[in-house]
Amino acid sequence: MAELTSGVKHHTLSVLVENKAGVLSRVASLFARRGYNIFSLAVAPTDDERFSRITIVVDVESAPLEQITKQLFKLINVVKISELHPDESVEREMLMATVKAEAGQRGEVIELVQVFGGQIIDVGHDALTIELSGRPAKLDDLEELLRPYTIVELQRTGRIALPKLERTAPRLRSLKGKSA
Amino acid sequence: MTNMSGGQALIKSLEMMGVEVMFGLPGGAILPVYDPIIDSPIRHILVRHEQGAGHMASGYAHATGRPGVAMVTSGPAATNVVTPLCDAYVDSVPMVCITGQVPLAAIGTDAFQECDTTGITLSVTKHNYLVTDARDIPRIVKEAFHIATTGRPGPVLIDVPKDIVDPKNPRSAMEWYWPTDEDIDAGLPGYRPNTKGHPRMIKEAARMILQSRKPIIYAGGGILKARAAEALKELAELTGIHVVTTLMARGAFPDSHPLCLGMPGMHGTYTAITSMQKSDLLIALGSRFDDRVTGKLDGFAPEAKVIHVDIDPAELGKVRKADVPIVGDCRLVIEEIVKAVKQLLDSGEVERPDQQPWAAQIREWQEKHPLFYDQKEGGPLKPQYVIEKLREQAPDDCILASGVGQHQMFSSQHWKFEHPYTWVNSGGLGTMGYAVPAAIGAKVGRPDRMVWAVDGDGCFQMTAQELVTATAERIPVKIAILNNAYLGMVRQWQEMFYEERYSEVYLSPDLPDYVKWAEAMGCVGFRVDSADDVEATIEKANAIDDRPVVIDFRTDSTEKVFPMVPAGATNDQVITDPAQAPVQ
């Protein structure tokens with residue numbers, strides 16, 4: 001799992017679509033029809049209710065990625081597609097996991113979760129349900145560390161992402177350009 | 001503002017779009033839309049099977065350039081148009097198909113004649129709609145035509161639940177309006193086809209064209225869709241570059257033109273295949289490097305650079321990487337390339353290499369490897385001979401439709417196409433049974449033209465019942481069945497690649513009796529057994545103008561289509577007819 005989420009074959013596409021019935025099935029069936037695998041998918045309306053944003057993580061090499069992007073763009077309801085490179089975007093994902101934690105081990109698990117900045121959201125007599133959101137790699141790490149305690153159930157949301165903001169004010173940048 | 005029902009609004013919207021004719025068959029869910037047709041100037045042609053409606057709409061679109069319209073009911077009728085929709089999708093044919101649907105409240109309940117039409121047709125349409133509000137109907141119809149006819153054309157389906165078109169149901173009530181073009185644009189924020197090519201790329205293309213030694217223009221169906229035949233001719237004549245016309249582009253460049261090399265690909269002419277294979281520059285205009293054209297891909301035109309012009313960005317680099325990719329409308333881009341070439345020639349910036357050796361090489365191939373068949377005196381009737389005679393005796397602008405198989409390849413090879421929009425066939429999907437309904441659609445669209453369909457006996461049996469439609473509607477198409485008693489192309493493959501083990505491929509020349517069948521459908525039927533009777537019978541058929549004609553030509557079962565590049569081979573391995581004199 002860990003190497004899959006952070007592996008080089010993964011690409012994150014941010015797809016702005018019209019918020020209409022059936023659009024998700026158009027997108028999903030296009031992937032099936034062209035033989036590409038969706039690794040994860042998250043979809044929700046944007047601030048403008050006419051549009052939704054679908055964040056798709058695809059496991060393909062870059063050449064077929066160009067083709068799948070072009071094919072996606074042919075869908076009438078797809079308005080905009082951007083590929084979000086890990087270096088140029090902020091990515092978040094949420095994880096929920098139920099972990100075995102008998103009386104003797106409960107403290108260790110809680111400590112581990114706290115180190116990661118996660119939360120305990122449910123407590124049973126021999127298990128805990130924990131929640132963590134953050135960078136996908138961070139989720140991978142916690143998942144790996146929790147494994148020895150026995151993970152009973154685990155659910156991740158799939159990642160969502162937005163492009164990183166400009167660090168430099170536009171005016172300064174143009175000055176820099178002139179002096180160069 | 002006028003109040004009307006959704007059904008009336010649907011028909012009125014079609015009228016607003018300039019629809020003159022539609023092809024269809026009514027049924028339960030679509031009944032309320034059929035009622036207003038009685039009062040509409042739109043001509044409705046009642047088909048005998050919904051597949052026929054779809055192919056007729058496609059034939060109509062091929063021949064006229066205007067979108068074909070088909071209308072059928074829900075469930076099995078909708079599934080019957082899936083084949084024509086897929087056919088039109090692969091061949092980029094503009095079509096609008098309206099299907100009935102069970103009432104909104106019944107959707108998802110497995111109601112009588114319910115099926116998930118939009119789900120089923122998702123991957124075989126450019127776009128589809130499930131209408132959920134009668135007030136959306138005018139907008140959706142206008143959007144559907146806009147999408148079907150712009151960018152890369154294709155079929156659009158509108159699924160219409162019964163309650164929103166039925167005047168007895170309050171849900172169908174609406175106030176008539178007609179959206180403006182701006183409304184349509186605003187309603188389609190994700191649809192902006194790019195028609196103008198990138199100026200820098202166009203300049204680069206012009207330079208590359210002038211600097212190449214062995215260029216070939218690889219013209220595809222996009223030339224016809226973009227009405228770019230004139231522009232193509234100007235480019236070819238300006239630069240002196242030879243043109244191959246793919247199966248979808250036959251007629252886009254006249255066969256009689258000295259620069260025309262005919263069809264490339266699996267059954268193309270030797271010269272078309274080989275000149276592409278040996279070229280140093282392929283100028284792909286509205287073509288898509290189909291596997292039937294390229295043969296084994298990694299051995300295809302190994303030395304060629306590629307200029308690729310297409311309106312669909314997804315075609316660029318899909319199969320073969322383009323050195324100069326240009327997204328745009330073929331006509332606009334070619335016109336710009338012509339301008340850029342003229343400028344470069346005038347400025348003297350580019351030194352043109354001598355292209356004479358290449359022209360001489362092409363001429364040599366043409367002389368050594370012409371198309372070949374041998375109609376022996378008193379021997380079995382050759383299908384190619386029939387096509388040559390049909391061509392000779394038909395007017396220059398006669399429209400030819402065909403089905404899929406040997407007869408299609410013989411038609412494409414031996415018919416001489418002189419005008420665009422005179423060839424109607426199923427290229428990408430390879431839909432057997434396409435010819436009869438497509439010819440009917442073409443004749444409806446171009447009643448001034450003679451329309452022949454060359455069909456196989458296997459194909460004919462799939463959709464022949466539409467000749468009843470043709471007789472009833474007085475659509476005088478002419479059908480030439482090349483009856484070789486076999487599924488001919490399958491037989492050819494079994495002979496050549498399956499050690500002559502003929503599995504489930506024999507059909508019989510006499511069953512059915514095609515003449516009686518034709519007569520039963522109100523057509524005139526003829527039978528021709530020998531080459532001697534071909535001309536006289538065609539003459540009789542050509543003279544009939546008040547009903548369809550069917551000629552049952554009994555052709556040689558063993559005749560095969562050559563040249564042939566076997567599946568999986570590279571285009572260096574062209575097999576010519578073994579009976580053809582060996583070439584030194």
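How many Å separate the centres of domain 1 of chain A and domain 2 of chain A, taken over C-alpha atoms? The separation is 28 Å.

This is a predicted model: local features need pLDDT of at least 70, side-chain atom pairs count only at pLDDT 80 or more, and totals for chains, interfaces and linings use all residues. Residues are numbered from 1 along each chain as its sequence is written, while chains are lettered from A and ligands numbered from 1 in the order in which they are written.

**View 1. Two domains of chain A.** Domain 1 covers 7–84 and domain 2 covers 90–162; the bounds come from an automatic or database domain assignment. Their contact (C-beta atoms, placed from the backbone, within 7 Å) takes 8 residues from domain 1 of chain A and 6 residues from domain 2 of chain A. On the domain 1 side, strands E1 (10–18), E2 (38–45) and E3 (51–59) of chain A each give two or more residues. Strands here are DSSP runs of E, at least two residues; helices are runs of H or I, at least four; both are numbered from the N terminus. E2(A) gives the most, with 3 residues.

**View 2. Chain B against chain A.** The contact takes 13 residues from chain B and 14 residues from chain A.

**View 3. Helix H7 of chain B.** H7(B) runs over residues 137–149. Of its 13 residues, 10 are buried (20 or more other C-beta atoms within 10 Å of the residue's own, with C-beta atoms placed from the backbone). Among them are B:Ile140, B:Phe145 and B:Ile147. The buried residues pack against H1 (6–16), E5 (95–101), E6 (127–130), E7 (155–161) and H8 (181–187) of chain B. Just after H7(B), B:Gly151 takes a positive phi of about 60°.

Notes:
Contact = placed C-beta atoms within 7 Å. Expected span 1.5 Å × (residues − 1). Buried ≥ 20, exposed ≤ 12 C-beta atoms within 10 Å, placed from the backbone.
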